[in-house]
Amino acid sequence: MGGMRMMRQDFLPPKSLQVLPDQAASQADKAPLSKSLLLVPSAISILLTLLFQHYQKFFAYNLQAVKEDFQIWRLVCGRTICLDLKDTFCSTLLIYNFRIFERRYGSRKFSSFLLGAWMLSAFFDLLLVEITQYVFGITINSLPSGFLGPVFALFVPFYSSIPRVQVTQVLGHFSITNKSLVYILGLQLLTSGSYIWILALSGLISGICYNSSMLKVHRILCVPRWVAKIFSWTLEPVFSSAEPTNEVRVGMGATVDIQRQQRMELLDRQIMMSQVAQMRRQRPQQGGMINWNRLFPPLRHRHNANYQDHPSEQGIPPPTEVSEEQVARLMEMGFSRGDALEALRASNNDLNVATNFLLQH
């Protein structure tokens with residue numbers, strides 16, 4: 001139980017995104033704000049690119065006009081709609097993946113984060129441009145347009161609050177996780193323009209500042225409840241939809257094959273957990289310990305084709321060697337060394353399976 005409490009503390013979201021369980025449950029199957037950010041800016045961007053090119057000048061992120069002529073409306077338009085279809089495509093895919101935050105924490109908390117990140121990143125955009133001009137002597141009059149600052153800011157809670165789960169390995173050395181696709185999309189967006197690194201840096205800084213428990217920015221830059229209710233009445237009937245009930249909740253896979261593999265692994269773990277529960281009912285152990293040797297004979301002795309329920313002492317193979325690094329990682333989660341060793345030996349050094357069973361029992 002101590003290990004489970006420590007694991008939950010490690011994966012707690014930042015205070016700016018924390019909500020009560022009943023509030024999160026009410027938004028668990030809805031993401032109207034994410035869907036509106038997917039559809040409306042993308043549709044406007046496509047129309048401006050294909051049909052209304054002469055109106056693109058109104059959505060250009062012109063810093064010179066903002067600083068010298070105080071055209072604040074250019075700041076709003078230029079930091080909302082993308083004029084490059086590549087940026088539109090990448091940012092749309094990222095928002096689609098980041099909709100998990102709206103489903104987990106609610107639309108009001110999610111919109112407050114986007115609002116705060118948008119305002120902070122606008123300030124840091126101007127600050128970084130001035131620093132670049134002062135240090136390197138480079139004058140920047142315009143930046144890439146679009147809702148890019150808040151998108152890059154969402155990488156901060158994505159990195160800190162979404163667990164990293166290994167899906168597969170490439171060439172035996174490079175791990176593919178449930179977060180790899182998102183980082184690849186972010187890298188693609190980062191390299192799509194000459195000065196987009198300024199937007200990325202300002203977005204990351206604004207995300208860190210908004211999530212900081214010392215600065216308390218989330219208490220100042222937030223969406224009022226009455227505004228959230230108005231948008232809830234207007235956006236939810238149009239953009240919200242129920243999440244499919246027949247789909248298993250799994251991590252975000254990069255492809256359909258990876259998602260299918262995740263579902264199969266989840267099913268295997270559920271089967272093994274049911275075997276654990278059945279074994280505990282049939283053969284209760286002293287002190288609540290699990291008899292891993294009885295439960296996982298195929299895993300521990302998979303190379304012994306003549307394995308029997310009661311092998312002789314001479315036929316017992318040597319115990320599986322356990323990586324001390326994996327033992328240390330389990331001990332950092334709060335588990336004892338003995339439980340960590342037994343779990344890793346029983347799961348054939350599979351850290352994910354060992355962790356799941358220790359958390360469940």
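This is a predicted model: local features need pLDDT of at least 70, side-chain atom pairs count only at pLDDT 80 or more; totals for chains, interfaces and linings use all residues.

Guide: Residues are numbered from 1 along each chain as its sequence is written, and side-chain values use heavy atoms, with hydrogens and water left out.

The protein chain has 19 helices and four strands, where helices (H or I, at least four residues) and strands (E, at least two) are DSSP runs numbered from the N terminus. Of its 361 residues, 40% count as buried; buried means under 20% relative accessible area, exposed over 50%, and partly exposed in between, with a 1.4 Å probe and protein chains only.

A nonpolar core is a set of buried Ala, Val, Leu, Ile, Met, Phe, Trp, Tyr and Cys residues joined through side-chain atoms within 4.5 Å. The largest one has 46 residues, and those with the most contacts inside it are Leu94, Phe98, Phe101, Leu114, Leu143 and Leu189. Helices H3 (32–50), H4 (63–69), H6 (85–105), H7 (107–136), H8 (148–153), H9 (155–161), H10 (180–190) and H11 (196–211) are the elements that give two or more residues to this core, and H7 gives the most, with 10 residues. Leaving aside residues up to four places away in sequence, Leu143 touches Tyr61, Leu63, Asp125, Val129, Tyr195, Ile198 and Leu199, a contact being heavy atoms within 4.5 Å.

Turning to the rings, a search of the whole structure finds 12 aromatic pairs. Rings of Phe, Tyr and Trp (its six-membered ring) pair if their centres lie within 6.5 Å, and planes under 30 degrees apart count as stacked, over 60 as edge-to-face and the rest as tilted. Phe52 and Tyr55 form a tilted pair, 6.2 Å centre to centre with 55° between the planes; Phe52 is partly exposed at 35% relative accessibility, and Tyr55 is partly exposed at 40%. The rings of Phe158 and Tyr183 have their centres 5.6 Å apart and their planes at 75°, so this pair is edge-to-face. Because Phe158 lies in helix H9 and Tyr183 in helix H10, the pair ties together parts that are 25 residues apart in sequence. Phe158 is buried, with a relative accessible area of 0%, whereas Tyr183 counts as partly exposed at 34%. Ring pairs also link Phe98, Phe101, Tyr105, Phe152, Phe155, Phe158 and Tyr183 into a cluster, and Phe98 and Phe101 were named above among the residues with the most contacts inside the largest core.

Charges meet rings as well: the charged end of Arg79 sits over the ring of Trp118, 5.0 Å from its centre, and Arg99 lies over the face of Tyr96, at 3.9 Å from the ring centre. A charge sits over a ring if NZ of Lys or CZ of Arg is within 6 Å of the ring centre and within 35 degrees of the ring normal.

Finally, the unreviewed UniProt entry lists residues 110–128, 134–160 and 181–205 under "transmembrane region". In the model, residues 181–205 are 80% helix and 0% strand, with their end C-alpha atoms 22 Å apart.

Conventions: UniProt positions are given in the numbering used here, feature names are shortened, and annotations may be inferred rather than shown by experiment.
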